[in-house]
Amino acid sequence: MEQWIAGLIAEHSLPGPVWAIQLGFMLVAAFLCIALYACLVAGLLTFAERRVAGKIQNRIGPNRVGPQGILQFVADGVKLILKEDIIPADADRPLFRLAPYLVATGTFLTLVVMPWGQRLVVSDLNVGVVYLVAVTSLVVAGILMSGWASNNKWSLLGGFRSAAQVVSYEVPTGLSLLTVVILSGSLSLSEIVAGQAGGGGILRWNLFHNPFAFLAFFVFFISALAENNRLPFDIPEAESELVSGYNTEYSGIRFGVFFIGEFATIWIVSGVATALFLGGWNFPGVPVDPRSFGGAALGTLVFLVKSFALVLLILQIRWTLPRVRVDQLMGICWKYLVPIAVFNVVMSAVWLVAFKGRGLYDLVAGLF
Amino acid sequence: MAEVKTELMTLNMGPVHPSTHGVLRFQLETDGEIIHQCVPDVGYLHRSIEKIAEGLEYFQFMPFTDRVDYVAAINANHGWAVTCERMAGHAVPERGELLRVISAELVRLASHLVAVGSNASDMGAVTPFLHALREREKVNDLIEELCGARLTHNYVRIGGVSHDAPKGWTDKVLRFCDGFLPAVDEFDRLITFNRIFRARLAKVAVISAADAMAYGLCGPNLRASGVDFDCRRDDPYGLYPELSFKVPVGQGRLGTRGDCWDRFWCRVQEMRECVGLVRQAVERLPRSGPEFWNEKKVFKAPAGEYYVRTESARGELGYYVVADGGKQPHRVKIRTGSFAAMSITEPLARGLMIADLVAIIGSLDIVAPEIDR
């Protein structure tokens, strides 16, 4: 997309100020595209979640608005926009207003580096993985801010829980990302995906590169669930303990923005896991060729299908498991996930040195 | 290191809070998430039911007993009927007794479903709750066919029951029993032995047998602590002595005897026992016969003081009645399990976390109307 913008600019070769205005418009348009995309995906995911929950719980779920109820999220969005926007007395008003947008922004920004397809990356940063970890930290600032600004003790507890949780779980998440970075030798998500192509089919994926990468995937997935405040780690909003946690006092569209952020994060977590561990747009037998439009579209489709499978898994986990207690949550992180993640990083490095960078598939194939 | 001056935070849990199931209120003094003090506050659902009883004839009080414990209304009906019959030496035909057993055990089972289901949903697992309510719905349908009501049944009468079972009803009950046991097994697989669930409940809030008796706990809460006492067996009434059933007692299977998980497990096992009781009662049900002792006489209890206890879903439900020989009781006092359970939350919660208090409330199966009457 960067090249496309640059190409457009070069083509028209306009004088200075007009050029700048045009770039400004494009940035706004790009942001709107991302935001709209995120809202659409988040909305569809709320629908998916409710239908999955319905299936699991012997009920139907929303099925009235639109075919099979798929437009329910539009109705919900309209409802939230029309609702009265209540700010509690003695709340810290500026912070209270800002917090949900900070949460959503932190989530939307990650979409920038997401490799949806070979040609469908907003910006293929060469420090993509680092960028990803950095911008997701904005979310916790927003949650903490909302908990503090609400002037409600339950919200405050929710905010604190969230801060402790996200800060802790960033460690195993980051270390698991590092495992992949070591294997791929690149911080760019597109390059990491491209490195998983080639003969050997799914055995080329980072997931099967070596046993430690396999472990790292599960460490990443579990910690990502926790960072995303999903069950069984949804203690910041544990509705039976903290009423609704950090968003207790929110109403109207601000409440909705929190949820757009949360649901978009589910999609992003699945996308990142797909790109880093599950081969991204690669799938054996599917001819993904970036030069033709069809090939590129096919690649994007493969990516979407893979990440949606992970999304479904996350949704089902949510509706199956109970919630851990706050001290148990920290125990899981520091006693199990962090040591395993460190072990993975070290052993992956050792593996690379010992086998000269070859994966499990290459080693086995080399035997014959 | 410099001392940081901190102070305790006062948190109001309830009367409107998702896990207080109705209108309980706890005033918490917490240090972050750790509870230093938990003061239960009762009285939000007081309806003067005991006072109302003084102005009504004995049989007129029956619908009010529904409201004492609306999760297991027939159990409360049953208790009042047994109390009145004991006072006056009133007899009940066998068919009436058996219909009482069937309906009371079905309702006990439904009440336990609500208890274990909401305990699970308090721990964050919403799905088991809905699965439990699906089964409870079937019980509600059966009871509705029996007496027309789904929640406040008002089914038992002094001297029998209000309606005979409709045609084919017992077959439906048996069919429900057949389907229910697999559903409980599924429930166990889904939640009871779930690792996270065990970690949340086992070894949490242990009540020793001595404490349980000292605080007057009853029913599954008492038995989970290892005290083997069940009014149906140890202070028998109705036809219960002629039916065989086991009384599940807490074993400390996953942790310490008397912890939250034991209380949960006791209820799950009791549901299975209820099914056995229902089956026996249906088998013994005579083809025909009166379900109600039709004695056209005003009910009067001889003067005196009476205390009669029956086993409700929440344990010993006792009616203490002072009768003056007239048509109305002089004084009625109802002893309920939830009130005793509420009183033990204060020592139990000390030093635990807020999330544990939620587990305690759920595992004690506190039902708000029973606390206040």
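User: Which helix gives the largest share of the nonpolar patch?

Analyst: This is a predicted model. In it, α3(A) supplies the largest share of the nonpolar patch, four residues. Both α2 (16–56) and α3 (72–82) of chain A supply at least two residues each.

User: Which residues form the patch, and how much accessible area do they have together?

Analyst: The patch lies on the surface. Its members are L40(A), L44(A), I70(A), L71(A), V74(A), V78(A), I81(A), L82(A), Y101(A) and I253(A). Together they have about 860 Å² of accessible area.

User: Take L40(A). Where is it found?

Analyst: L40(A) sits in helix α2 of chain A. Its relative accessible area is 46%, so L40(A) counts as partly exposed.

User: Now the contact between the chains. How is the size of an interface often given?

Analyst: The usual figure is the accessible area lost when the parts come together. Here chain B and chain A bury about 2,400 Å² between them. Carbon and sulfur atoms account for 61% of that. The contact takes 33 residues from chain B and 24 residues from chain A.

User: How many salt bridges cross the interface of chain B and chain A?

Analyst: The rule finds two. R161(A) forms a salt bridge with E33(B). Their closest N and O atoms are 2.5 Å apart.

User: Next, strands. How do side chains sit in a regular strand?

Analyst: They alternate between the two faces of the sheet. For a pair of strands in this model, look at β6 (residues 304–312) and β7 (residues 315–323) of chain B.

User: Do β6 and β7 of chain B run parallel or antiparallel, and how many bridges join them?

Analyst: They run antiparallel, and nine bridges join them. A hairpin of two residues connects β6(B) to β7(B).

User: Where is N151(A), and is it buried, exposed or partly exposed?

Analyst: N151(A) lies in the loop between α5 (128–149) and α6 (153–184) of chain A. Its relative accessibility is 46%, so N151(A) counts as partly exposed.

User: And where is S48(B) found?

Analyst: S48(B) is in the loop between β3 (34–41) and α1 (49–53) of chain B. With a relative accessible area of 31%, S48(B) is partly exposed.

Conventions. Residues are numbered from 1 along each chain as its sequence is written. Chains are lettered from A and ligands numbered from 1 in the order in which they are written. This is a predicted model: local features need pLDDT of at least 70, side-chain atom pairs count only at pLDDT 80 or more; totals for chains, interfaces and linings use all residues. Side-chain values use heavy atoms; hydrogens and water are left out. Patches are made of residues with over 30% relative accessible area and no salt bridge: like charges are joined within 9 Å, nonpolar side chains (Val, Leu, Ile, Met, Phe, Trp, Tyr) within 5 Å. Accessible areas come from the Shrake-Rupley method with a 1.4 Å probe; for residues, only the protein chains shown count as cover. A salt bridge is a side-chain nitrogen of Lys or Arg within 4 Å of a carboxyl oxygen of Asp or Glu. Buried means under 20% relative accessible area, exposed over 50%, partly exposed in between (1.4 Å probe, protein chains only). Two strands pair if DSSP finds at least two bridges between them. Contact means heavy atoms within 4.5 Å. Buried area is the accessible area (1.4 Å probe) that two parts lose on being put together, summed over both.
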